[in-house]
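Please read the points below with the model open beside you.

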Amino acid sequence: MSAVLESAAPTVAADAPIHAGPTAPKRTGADRKWLGLGVVLAATLMNLLDATVVNVAAPAIRADLGGSYSALQWMAAAYTLTLAAGLLTGGRLGDIFGRKRMMQIGIVGFVAASVLCAVAWSPEALITARVLQGLAGAVMIPQGFGLIRDLFPPQEMGKAFAMFGPAIGLATILGPIVAGALVDADLFGTGWRMIFLINVPLGLFALLVGRFALPAKPPVAKDDKSMDLLGVLIGGSGMFMLVYPLVQGQEKGWPVWMFAMLAGAVAVLAGFVAYTLRRTAKGGKAPLVQLSVFAKRSYSSGVLFVIVFFGAITGLSMAIGLFLQLGLGFSAMRASLTMGSWALGAFVGSGISGVVMGKLGRKVLHIGLSIMAVGITWLYFVFANATTDLGSWSLVAPFLVFGLGMGMIFVPLFDIIMGDVKDHEVGSASSALESMQQLAAALGVAVFGTVFFSQGGAHMHRQSAVDAVATTTLIALALTAVAFVLGFLLPKHARQGGGH
């Protein structure tokens, strides 16, 4: 969240007059101002829901549409991977064409793609619709925090941003539970399809209210309106070549060409770096990413931290969600309620870190990771010693502990990583971090999903599922240890004047 907030900083200064200049819109009334914030929250909520709902509904989707286990992974990874590739461009589109316009275009596209998801007739059709959702989300999401800066004067900015923590925390808790309830309720015979149709009323609210509540400020980009489309193509291709073999490898028996694709991904991403350096050296046209920030050890270590941390929590979340339904036979609703303590812990942890981060700085991350490690270790022993009566109550406490530690990291993470970044680098650095977070989610789904389905077997039964999920907890524990070490390379204190 903070990364996207920071991306707005170089284009709309926090201390700039909100309604200065002859072309600026009229002052927004108090009611319209808060309605505009509601529009941004609705767009954020749609993104949060669609990043996680498939984890809950995946078994029901497969029972209806069929498809392989790798198809289940793609239903989740297609969204996050496309969002990762598009985020770097989405913010630039807002600079060129105006944030309000691009927010509305993104909302229309997101709702349309959600309807396509809901009417999908095959796994391939659903995956394609998820790709379109990711593209629309990449246009919609980066506009939100810049719009908040346009809506609120500097003295009210903190109050507006303060609403995001509780709102996102509440969405984290209620999102999977609502998804499970919708799948089990089978409203109007829609089954799992309602998890996507719920975006229609949210999107219509955001679109209709946004037409008059969001400020139509002139585009920020004046002299340089170039789009680095070639950079998007090269970077996106490298990301896809990295994720595809990890998702499909197990199903296809790991042929040689998949290893070649992984090696090719490294070459393509290296080519992206070389291309960006050349574009920067020529001057005139803005590159997709300001690579100067990667020369800072603290920032490059932060990127690795984000990949390891978010890959671990996203991958483990998917593996456990599938285990509860495919391994233990829980309904979607029961699985969601069982994991509810995880989300509750994250909500509480976020609140705690918000209070202590100013005093403790980087230490908050290490405290959170230590608590996470305790929760993961507890989970492993529950799975390793599972008996025939393994049920929800034996998982609630370790989920709560794990979530508590995880939540403590969410609030301060991006501001701490950005601690040594210079003002003119903030926009590119924060956009790159947000993109890496989404790429990490796609990689987590790919790696953990592959391990889970590989060990669980084609005809998964209870014991093989227990063994598989126990293995994924060990992987998550190892990644948590890596993140703990990387944490020492991060700045000791958060960036001053950041997003909070």
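1. A polar contact is a pair of N or O atoms within 3.5 Å; within protein, one atom must be able to donate a hydrogen and the other to accept it, and residues adjacent in sequence count only if both atoms are side-chain atoms. With that in mind, look at Asp 50, whose side chain makes such a polar contact with the side chain of Gln 133, at 2.7 Å.

2. Some ground rules apply throughout. This is a predicted model, in which local features need pLDDT of at least 70 and side-chain atom pairs count only at pLDDT 80 or more, while totals for chains, interfaces and linings use all residues. Residues are numbered from 1 along each chain as its sequence is written, and side-chain values use heavy atoms, with hydrogens and water left out.

3. On confidence, pLDDT is the predictor's own score for each residue, from 0 to 100. The protein chain averages 83, and 86% of the residues score at least 70. Over residues 1-28, however, pLDDT stays under 50, and for this stretch the model has 68 contacts beyond four places in sequence, a contact being heavy atoms within 4.5 Å.

4. For the overall build, helices (H or I, at least four residues) and strands (E, at least two) are DSSP runs, numbered from the N terminus. The protein chain has 19 helices and 0 strands. Among its contacts between residues at least 6 apart in sequence, 83% join residues at least 24 apart.

5. How much of the protein chain is buried? Buried means under 20% relative accessible area, exposed means over 50%, and partly exposed lies in between (1.4 Å probe, protein chains only); buried residues make up 56% of the 500 residues.

6. Returning to Asp 50, this residue is found in helix α2 and is buried, with a relative accessible area of 0%. Leaving aside neighbours within four places in sequence, Asp 50 is in contact with Tyr 79, Phe 110, Arg 130, Gln 133, Phe 196 and Asn 199.

7. Helix α6 is mostly covered, since 8 of its 8 residues are buried. One of them is Leu 151, which has a relative accessible area of 2%. The C-alpha atoms of Leu 151 and Ala 213 are separated by 8.9 Å, although these residues are 62 apart along the chain.

8. Aromatic pairs deserve a careful look: rings of Phe, Tyr and Trp (its six-membered ring) pair if their centres lie within 6.5 Å, and planes under 30 degrees apart count as stacked, over 60 as edge-to-face and the rest as tilted. A search of the whole structure finds 21 such pairs. Trp 34 and Phe 152 have ring centres 4.9 Å apart and planes at 70°, so this pair is edge-to-face. The pair links distant parts of the chain, with Trp 34 in helix α2 (residues 30-65) and Phe 152 in the loop between α6 (144-151) and α7 (154-162), 118 residues apart. Trp 34 is partly exposed, at 32% relative accessible area, whereas Phe 152 is buried, at 0%.

9. Phe 310 and Phe 410 form a stacked pair, 6.1 Å centre to centre with 10° between the planes. This pair also links distant parts of the chain, since Phe 310 lies in helix α13 (residues 297-327) and Phe 410 in helix α17 (residues 393-417), 100 residues apart. Phe 310 is buried, at 8% relative accessible area, while Phe 410 is partly exposed, at 31%.
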